[in-house]
Amino acid sequence: MKTVAVIGAGTMGNGIAHVFAQTGFQVHLIDIAQSSLDKGLATIATNLDRMLAKERITEKDKTSTLKRIALFTSLKDGVAQVDLVVEAATENLNLKLKIFNDLDTHCKAAAILATNTSSISITEIAAVTQRPEKVIGMHFMNPVPIMKLVEIIRGYSTSDEVTETVMQLSLQLGKTPTEVNDYPGFVANRILMPMINEAIETLYNGVAGVHEIDTVMKLGMAHPMGPLQLADFIGLDVCLSILKVMYDGFKNSKYAPCPLLVNMVMAGKLGVKSGEGFYDYSGSRKAEHVSAQFK
């Protein structure tokens, strides 16, 4: 496996492209907007500069990593000869189904099709292709260059061979792959999202303020980041989407999104990416917060 396509140049996509390119793979970073591609590549360069400043990489490492990344606005051109595709588009079922249908058409028969979805059924995504045995979940954690875990999710038809290939590939990236089965939210978000939702409910019910809730969880439970700050970093819109998938999948009220979360997303308060969520990330505060994730 030599060439990898990553679909989506946002936070997760550019992080995944960064890790593959730094490990020696040729990467085709694909997005419909050239501006998104340019922004994604600039983010990779900035993160490499942070690593360079901490002497984790050399200037040569940075230069060679960036040279391995090619930018495409055409999905057909970007995936034509790749060995693996990692889809990291918005957490939207219909969009993912459309992408995988197109991938099945334009990728070579031997290519493995992976999705970075954090909650959507791998089996459902695989069903729109003619190669369900080659479709798998490869759920990276944010920020991708730092976090070690990759959740490897087998769909109903995912083959043993493909699963083992992706597990070994994750190890090659310096990650720790953990195999899980295909149920809503998988493991990470099935446990994490109800906690975040409960923290939002605690705020909504007036039990305590934002800072107080996060302080209890950081100092009392040894969490490196409080649940409300973490929700801001993930993106409140992403949290809402995941909770909706889990609520629809399990039909259990414990996964019903808190009204405060719903209202904040409707108001455009999405966390770090919008400059405001439970915390203020405007101006230098945003830069300081994002920089802290790479310490």
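UniProt lists residues 185-281 as "domain: 3-hydroxyacyl-CoA dehydrogenase C-terminal", in an unreviewed entry. In this predicted model, the chain over residues 185-281 is 62% helix and 0% strand. Elsewhere, the model contains an open sheet of eight strands with mixed pairing.

**Helix contacts: α8 and α12**

- Helix α8 spans residues 188-204 and helix α12 spans residues 259-266; their axes come within 8 Å and cross at roughly 95 degrees.
- Angles of 65 to 115 degrees count as roughly perpendicular, and α8 and α12 are therefore roughly perpendicular to each other.
- On the α8 side, the contact is formed by Asn197, Ile200, Glu201, Leu203 and Tyr204, which meet Pro259, Leu260 and Leu261 of α12.
- Sorted by class, the residues in the contact of α8 with α12 are six nonpolar, one polar and one charged.

**Helix contacts: α9 and α10**

- The axes of helix α9 (residues 210-221) and helix α10 (residues 227-234) come within 7 Å, with a crossing angle of roughly 105 degrees.
- This angle makes α9 roughly perpendicular to α10.
- Val210, Ile213, Asp214, Met217 and Lys218 are the α9 residues that meet Pro227, Leu228 and Gln229 in α10.
- The contact of α9 with α10 comprises five nonpolar, one polar and two charged residues.
- Alanine 222 lies in the loop between α9 and α10, and has a positive phi of about 60 degrees although this residue is not a glycine.

**The eight-stranded sheet**

- The strand order in the open sheet is β3-β2-β1-β4-β5-β6-β7-β8, and the pairing is mixed.
- Strands β3 (69-72) and β8 (176-181) stand at the edges; each has a single partner strand, so one side of each is left without a neighbour in the sheet.
- On average, neighbouring strands of this sheet are turned by 25 degrees against each other, direction ignored.
- Strand β2 (residues 26-30) runs parallel to β3, and four bridges join the two.
- Leucine 29 has leucine 71 in β3 as its bridge partner.

**Aromatic pairs**

- A search of the whole structure finds four aromatic pairs.
- One of them involves phenylalanine 20 and phenylalanine 140, whose ring centres are 6.5 Å apart and whose planes lie at 70 degrees, so the pair is edge-to-face.
- Phenylalanine 20 belongs to helix α1 (residues 11-22) and phenylalanine 140 to strand β6 (residues 135-140), so the pair ties together parts that are 120 residues apart in sequence.

- A cis peptide bond joins asparagine 142 and proline 143, with omega at about 0 degrees.
- Proline 143 is located in the loop between β6 and β7 (149-154).

Note on methods:
Residues are numbered from 1 along each chain as its sequence is written. This is a predicted model: local features need pLDDT of at least 70, side-chain atom pairs count only at pLDDT 80 or more; totals for chains, interfaces and linings use all residues. Side-chain values use heavy atoms; hydrogens and water are left out. Two strands pair if DSSP finds at least two bridges between them. Axes are lines fitted to C-alpha atoms, for helices over the stretch in contact, and angles run from 0 to 180 degrees between N-to-C directions. Angles under 35 degrees count as roughly parallel, over 145 as roughly antiparallel, 65 to 115 as roughly perpendicular and the rest as oblique. Contact means heavy atoms within 4.5 Å. Ala, Val, Leu, Ile, Met, Phe, Trp, Tyr, Cys and Pro count as nonpolar, Asp, Glu, Lys and Arg as charged, and the others, Gly among them, as polar. UniProt positions are given in the numbering used here, feature names are shortened, and annotations may be inferred rather than shown by experiment. Rings of Phe, Tyr and Trp (its six-membered ring) pair if their centres lie within 6.5 Å; planes under 30 degrees apart count as stacked, over 60 as edge-to-face and the rest as tilted.
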